[in-house]
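Please read the following report alongside the sequence and the three-dimensional model.

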Amino acid sequence: MEDIEALKNSIILAISETTSPDGLEELRVFELGKSGRITNMMKSLGNMREIERKIAGKELNILKQSVSGAIEKKKQSLLESKINEKLELERIDVTLPPRAQTIGKIHPISQTIDEVVSIFGEMGFSVAEGPDIEEDWYNFTALNIPPDHPARQEHDTFYLEAKSKGERMVLRTHTSPVQVRTMESSSPPIRIIVPGRTYRCDHDSTHSPMFHQVEGLVVDESTNMSHLKGCLIEFCRAFFSIEDLPVRFRPSYFPFTEPSAEVDIGCSITEGTLKIGHGDKWMEILGSGMVNPRVLENCGIDSKKYQGFAFGMGIERISMLKYGIPDLRTFYDSDIRWMRHYGFRCLDVPTMVGKAAR
Amino acid sequence: MKFTHSWLMDHLETDSTSEEIANTLTKIGLEIENVTNPGDFIKEFIVVSVDKVSKHPNADRLKICLVNNGEENYEVVCGAPNAREGIKGVLAREGQFIPGLDLKLKKSEIRGVVSNGMLLSEKELGISDEHEGIVELSGNFALGSSAANALGLSDIVYEIAITPNRGDCLGIRGVARDLAAAGIGTLKPLDVKPVKPSTGSPIAVNIDFDEEDKSACPYFVGRYFRNVNNGESPDWLKRRLLSVGLRPISVLVDITNYFTFTFGRPLHVFDADKVSGNIVVRLSKKGENLLALDGKNYDLDDEMTVIADEKRPEALAGVMGGELSGCTSDTKNVFLEAAYFDPIRTAITGRKLNLQSDARFRFERGIDPLFQRPGAELASQMILDLCGGQASDLIVAGNPPSIGKKNFLREDRVKKLGGVDIPSEKIESILLKLGFEPTKSRDGWNCITPSWRHDIEGEADLVEEVLRIYGFDKIPTNQLDFGNILPTPAVNTSQERRSFVRRFLALRGLTEAVTFSFLSEELASMFGGGKTDLKLVNPISSDLSIMRPNVVANLLSALGRNSDRGQGNGALFEVGPQFQGTAPSDQSIVASGVRIGKINEHSWLEESRNIDIFDVKADLLETLTAIEININNLSISRDTPSYYHPGRSGSIKMGPKNIVGFFGEIHPSILSNMGFRSRAVAFELFLDNIPLPKTGKGFTKEFLELSPYQAVERDFAFTVDIDRDSDQIVSAIRAVDKKLIKEVLVFDLFVDGTIGKNKKSIGIRVQLQPLEATFSDKEIDDISQKIVDSIREKVGGELRK
């Protein structure tokens, strides 16, 4: 029986030394094939006496199982190393750059308008719009700015060659004409905001011939200055994401509101850097007031019954303040490098549920 | 407007600090822009006496002055010719900053003599250009005390912004009145005593207007002075004018400026000896002109108010006096004018002549129409005090314009509009202090508008007056009434769509630009615009002189600028307005995009290629799909505007007429005109032309029926004439069986001589979807045959063998 043990050892050794699936198959046929060595040994059992056969049979069975087990195991390992070899060949430089995928950016003006809309939308305002080319009536007269009123001179108006009702048409100098159009075409309660392009005949480092404003108008039977204050304080704090942002209301003058207030927010300037929030300085950011009864009447609304407030602010200005964009003129330059830097991700849709103020 | 603290204190009795005054000014709507103390930067310098002057041993022109600060003596080297014993001067010591020299004084030795400081000139002090000698202080100033004080430079200067409605605060007295109303002291009474005449006037005044122009100058008050002396103004007057930025000229001129700033009452003084005959206030005549005090000659039309003599206009009323009748140092006899001129006419005159002045600024905002006589009396007294001479009676023409507007303020209106409870007595006292003469009745006050308040038009103005003086900060804050907790949508469907398109295009790789609504006429006409109506009358430059007919032109220019900065590949879009005319309906919102350059230009992975028309066609169709437009219902034709390449552009329509977009290559000649060397492609999506989804349908989507049977795909290759559009083949195939044919896709295009002259081969994959049972071979063959037949009939194409 020592022969069988020795045989087993020698076969196992041979299996382990085999390096290819073909060699392994050859070995299997030689040992376990139809006329293989072990097969033949098992065949020869028939010639033995029963008692011997029983013992030898058991041993041969063990031998056969060990050998076929070892071959199977070897087969797996050869297969594995073949796969590994192949994978090794497939190795690539994973540090190479991937396929380029360009995603564009959203302009700060659009983003800021969306932010403003999302905040006022939460307060029940809806967006209204009007034309950029306006009649004198809508841009001035209906808003209580008659011809030769000193306030007109502060508007640096662009005039068009075209005339309407004997007056030159203008590029709207503010979004306020949409107040008039809305009041003429609907009846209170009114609660609108009006983002849009506006134009003034002025061009230097802090003025652009075209810029954007957002206008707000509330008209109903009871809205008063305390609501104006509440609404605009909420807005400023939400927009700049500063819960206790100081907000100051300062008497001022606009022909279309009475009383009128300019709104300042607190800020500080340290080493030339402006920071919105607490500090010893105030920064003017918007104009507001109770709608002048004359304007209501001009728009066909009974000023004895209805009242409300209006406000307006520069989109670029609040965008510059919030995002630290230094130069107004760069907004319109379409410099791709600038837009990549100051622009916004397109999936960054402002909402009050998420972060309207990012 | 600027004024000094001491000047304000002429009219206000208060012990409030300058800080309290500044804060209150902003609080009541007279916004502080600046508070400066001109003495701040010279406050370290002190008054010294020069006790002894000796010659410098080593320099002819230098002296050694022994100065005394009240406690000690110093030796100071000085070169000023007026340095002499007995005068008082201003001393700077080592380490102090000399503003006029812009340096810190160091201890120095001048030609072997140590100088322990420096006696300063006005130039060195930084208060004037005077550098002839050192400052000589006249007055009994304590040695060692502040030189700023001795020089009268410790007067704080306030600068405030005045809104256009507050003409009354363009005079310091008006500011004082507002401050007093707000609790800063009391307004000092104005003591106006009529000047006793001691001579007659050789000049009479006549107001001469047609009835309809009478408002131009309803009232004129003047006075003749004999034998005045028009020298330099006294120091206090010069100092005040200088501190608010006015240059002292001569005492008569200075007095008029002083009244402009003190009372908002511009005056004019004529040299009476240069006036021919009597004075008449009238409209100018076309062809007349006036050499004004600014040295310029102005051509007048027939609508300007002038003060004329018998020969010519001598002054533009309310705007500027004339040079020829102006006062000089030789002037002996003068005529003072204090009249009321119509604000609108004054404004128009000033604007027409492009002539700004302190007088115009006040007249066009409206001066106090009842202050002619008091103003003239006060100015007369000042002239007599400072120039001597004898005054005539007041020479008066016309009558003061009628004022006395009345408004009723309902007591509950303050609360209703202002949202704050203010005690009735407080309301009344504010109105009283502002000059409204309120008379209480059962539910409010009758208020007479003071003559100086042109801005008060109604009850709301009175509410504002009360609130601004009471303090906006005392108004509580309240939230708007919501009705519902959840807000309704802020944007409508088309606004929402615009915003969606914007973000979708950015996701597709285009960056958003915001370009001007105007461009150059040259560019506009290249891009199909140039209508005269849309031209600006007053553009800021010719590059921005006409409203844009489309956005493509601006985006292309922007890409050109980027290319000049080394960004040759680019994709920009803008969602904004374009203008076909001036009516609101001529303005439409368009999503436009331009791409230029190469894709994969530096890729190790993929082959580089030029951007082409199919990139922008994809932008357009993908965007339409993204806003849920079925692009299978759109048609494409070749009728595009002339700025596109005629053979490489398409127009996308919904139905036969409604154009929803253009796409294509920009016309090569336009590109070369604009300096581009590569091609550029563009698309335009007319958002306003795309119908909105029907409202009221609810949100339920159509029921989706998924077939359990496998779809079958068949490929065909057709040979067609080379100028056949693939679209025709696709439509012909679709028309064969609208139910079974699910998809038709062009997957191959092949042009080669072997196919035949002027022929091309188009490979098409057709997907067939069985509805009731799996297709049999025969069914597939039948439908395939129908497709082949249809192409032969409708398009003249043959199945390629």
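## A covered helix in chain A

Helix α8 (residues 177–185) of chain A is for the most part covered, since seven of its nine residues are buried; buried here means under 20% relative accessible area, whereas exposed means over 50% and partly exposed lies in between, with a 1.4 Å probe and protein chains only. Helices (H or I, at least four residues) and strands (E, at least two) are DSSP runs, numbered from the N terminus. The buried residues in α8(A) are Pro177(A), Val178(A), Gln179(A), Val180(A), Arg181(A), Thr182(A) and Met183(A). They pack against β2 (133–134), α6 (136–139), β5 (190–199), β6 (210–220), α10 (293–298) and β11 (307–314) of chain A, where contact means heavy atoms within 4.5 Å.

This is a predicted model, in which local features need pLDDT of at least 70 and side-chain atom pairs count only at pLDDT 80 or more, while totals for chains, interfaces and linings use all residues. Residues are numbered from 1 along each chain as its sequence is written, chains are lettered from A and ligands numbered from 1 in the order in which they are written, and side-chain values use heavy atoms, with hydrogens and water left out.

## The interface of chain A and chain B

The size of an interface is often given as the accessible area lost when the parts come together. Chain A and chain B bury about 7700 Å² between them, and 57% of this area is on carbon and sulfur atoms; buried area is the accessible area (1.4 Å probe) that two parts lose on being put together, summed over both. To this contact chain A brings 96 residues and chain B brings 91 residues.

Across the interface of the two chains, the rule finds 41 residue pairs in polar contact, both residues being at pLDDT 80 or more. A polar contact is a pair of N or O atoms within 3.5 Å; within protein, one must be able to donate a hydrogen and the other to accept it, and residues adjacent in sequence count only if both atoms are side-chain atoms. On the side of chain A that touches chain B, helix α9 (residues 225–240) of chain A gives the most, with eight residues.

The rule also finds nine salt bridges across the interface of chain A and chain B, a salt bridge being a side-chain nitrogen of Lys or Arg within 4 Å of a carboxyl oxygen of Asp or Glu. Arg498(B) forms a salt bridge with Glu129(A), with 2.4 Å between the closest N and O atoms.

Over all chains, the structure holds 67 salt bridges. The table lists some of them.

| Pair | N to O distance |
|---|---|
| Arg638(B) and Asp725(B) | 3.2 Å |
| Lys778(B) and Asp782(B) | 3.0 Å |
| Arg792(B) and Glu798(B) | 3.3 Å |

In the salt bridge of Arg638(B) and Asp725(B), Arg638(B) lies in the loop between β36 (634–637) and β37 (644–654) of chain B and Asp725(B) in the loop between β40 (712–721) and α19 (726–736) of chain B, so the pair ties together parts that are 87 residues apart in sequence. Arg638(B) is partly exposed at a relative accessible area of 49%, and Asp725(B) is partly exposed at 33%.

Lys778(B) and Asp782(B), by contrast, are four residues apart in helix α20 (residues 777–795) of chain B and are therefore separated by about one helical turn. Lys778(B) counts as exposed, at 57% relative accessibility, whereas Asp782(B) is partly exposed, at 38%.

For the pair of Arg792(B) and Glu798(B), Arg792(B) is partly exposed with a relative accessible area of 39%, and Glu798(B) counts as partly exposed at 38%. Elsewhere, salt bridges that share partners join Arg166(B), Asp168(B), Asp178(B), Arg453(B), Asp455(B), Glu465(B) and Arg468(B) into one network.

## Two buried residues of chain B

Arg240(B) is placed in helix α6 (residues 235–243) of chain B and is buried, with a relative accessible area of 11%. Its side chain makes polar contacts with the side chain of Asp10(B), at 2.7 Å, and with the side chain of Tyr258(B), at 3.0 Å.

Ser651(B), in strand β37 of chain B, counts as buried at 0% relative accessibility.
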